[in-house]
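Hello,

Here is the structure I promised to pass on. Have a look at it first, and my notes follow below.

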Amino acid sequence: QSYKGLQPGGVDPGATKQLPNCQEEVIPELEIDMDELLDMESDDVQAARVKELLVDCYKPTEAFNSGLLDKIRGMQKLRTPQKK
């Protein structure tokens, strides 16, 4: 058999235009104010704020949340003057 316009191992370039609901994923922009998070009084308040900011995110956010909160804790240590 012969498939017009299709290369071996390739995809017909016009095929994706024919697929229903084949659109590029729209990724919403999100801005997180790190200074706001750094100024919060506790880790629990920071975690609640991050969770609130990501409430509309449909992908799993737990790994992102914990990584971000770890970085914030590290930044807080750098901001706090060390006693000698």
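In these notes, contact means heavy atoms within 4.5 Å. Helices are DSSP runs of H or I with at least four residues, numbered from the N terminus. Buried means under 20% relative accessible area and exposed over 50%, with partly exposed in between (1.4 Å probe, protein chains only).

Please keep in mind that this is a predicted model: local features need pLDDT of at least 70, side-chain atom pairs count only at pLDDT 80 or more, and totals for chains, interfaces and linings use all residues. Residues are numbered from 1 along each chain as its sequence is written, and side-chain values use heavy atoms, with hydrogens and water left out.

Now to helix H4, which covers residues 62–79. From first C-alpha to last, its 18 residues reach 26 Å, close to the expected 26 Å (1.5 Å times one less than the number of residues). Asn65, Leu68, Leu69 and Ile72 of H4 are buried. Down the helix axis, the buried residues of H4 fall within an arc of 100° (taken from the directions from the axis to the C-beta atoms), so they line one face. They pack against helices H2 (34–38) and H3 (43–53). The face turned away from that buried side carries exposed Ala63, Lys71, Lys77 and Leu78.

On the H3 side, have a look at Gln46, which counts as buried because its relative accessibility is 0%. Beyond its neighbours within four places in sequence, Gln46 contacts Leu37, Leu38, Met40, Leu69, Ile72 and Gln76.

Finally, Glu62 in H4 counts as exposed, at 55% relative accessibility. Glu62 and Lys51 are 11 residues apart in sequence, with 8.9 Å between their C-alpha atoms.

Best wishes

Technical notes:
Helices (H or I, at least four residues) and strands (E, at least two) are DSSP runs, numbered from the N terminus.
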